[in-house]
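Subject: Structure handover

Hello,

Here is the structure I promised to pass on. Please open it and keep it beside these notes.

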Amino acid sequence: MKLFIDSGHLPDIAALVPLGIIDGVTTNPSLLAKEDANPSDLLKQICDTVQGPVSAEVVATDSEGMIREGRELARIDDHIVVKVPFGKAGVTACRALTAEDIRVNVTLIFSPTQALLAAKVGAAYVSPFVGRLDDIATSGLDVVGQIVEIYDNYEFLTEVLVASVRGPMHLVEAARLGADICTCPPAVIEAAFEHPLTDIGLERFLKDWEQARAARA
Ligand code: E4P
């Protein structure tokens, strides 16, 4: 499974990429709005840093505007994946941009029917939002499981990119369900490293080693 960073914060991205565990980045207008930088320049820096797919979202709400913005975003760097919100305008824009060999991530996916329609217009990725579904007492991971099953049934090439991840268990369950990608905020990736028994185990190894050396001295 591929692991993406869900962030527009370059220092966090630059800190994680050298570990070799990161395959790409997802951003959205809310994430980029938090950063004190020109969005295009920042997206270019993120692309240079990660050297993998970087989702950049349009803010137009009509299909013509989405297509125009999508083309502009795609010109920033070859790694840019244009993110369009699901809906009739988004589906129309996805079809048009895909026909121009621009990869599209259809976002704000909350149901398997939406994911099916996005796949039919050649979306490279769909982003089901698990956390936001959980927030309204609906299992986001159940939706992911249904999308994975539907795509497997028909061998759709669209990749399932699990988004709106709130904790490490979303990452675990996304992997168990066979999702192609999970995009995680940096804090969730940090949490995925942690286990108290690892810390206790290391402390004990080092203590035993030092005690044995001291006894021999
Ligand atoms: C990423 O592609 C999504 O925009 C993001 O994961 C949404 O996360 P949120 O629900 O925590 O805002």
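Below are the notes on salt bridges, cysteines and surface patches.

This is a predicted model, where local features need pLDDT of at least 70, side-chain atom pairs count only at pLDDT 80 or more, and totals for chains, interfaces and linings use all residues. Residues are numbered from 1 along each chain as its sequence is written, and side-chain values use heavy atoms, with hydrogens and water left out.

**Salt bridges**

The structure holds eight salt bridges. The term means a side-chain nitrogen of Lys or Arg within 4 Å of a carboxyl oxygen of Asp or Glu. One of them joins Asp48 to Lys44, at 3.3 Å from N to O. Both residues sit in helix H3 (residues 39-50), four residues apart, about one turn of the helix. Helices (H or I, at least four residues) and strands (E, at least two) are DSSP runs, numbered from the N terminus. Lys44, Asp48 and Asp77 are linked in a salt-bridge network.

Lys83 pairs with Glu57, with the closest N and O atoms 3.8 Å apart. This pair links distant parts of the chain: Lys83 is in strand E4 (residues 80-85) and Glu57 in strand E3 (residues 54-57), 26 residues apart. Both Lys83 and Glu57 are buried. Buried means under 20% relative accessible area, exposed over 50%, and partly exposed in between (1.4 Å probe, protein chains only).

Arg176 bridges to Glu173 at 3.4 Å between the closest N and O atoms. Arg176 is exposed at 66% relative accessible area. Glu173 is partly exposed at 23%.

**Cysteines**

A search of the whole structure finds zero disulfides. A disulfide is a pair of cysteine sulfur atoms within 2.5 Å. For Cys184, the nearest cysteine sulfur is that of Cys182, 3.8 Å away. Cys184 counts as buried because its relative accessibility is 0%.

**Surface patches**

Patches are made of residues with over 30% relative accessible area and no salt bridge; like charges are joined within 9 Å, and nonpolar side chains (Val, Leu, Ile, Met, Phe, Trp, Tyr) within 5 Å.

Asp12, Glu190, Glu194, Asp199 and Glu203 form a negative patch. Asp and Glu count as negative, Lys and Arg as positive; His and the chain ends are not counted. Glu203 lies in helix H11 (residues 196-216) and is exposed at 58%.

A nonpolar patch is formed by Leu202, Phe205 and Leu206, with about 350 Å² of accessible area together. Areas come from the Shrake-Rupley method with a 1.4 Å probe; for residues, only the protein chains shown count as cover. Leu202 also lies in helix H11.

Best wishes

How values were computed
Charge placed at Lys NZ, Arg CZ, Asp CG, Glu CD.
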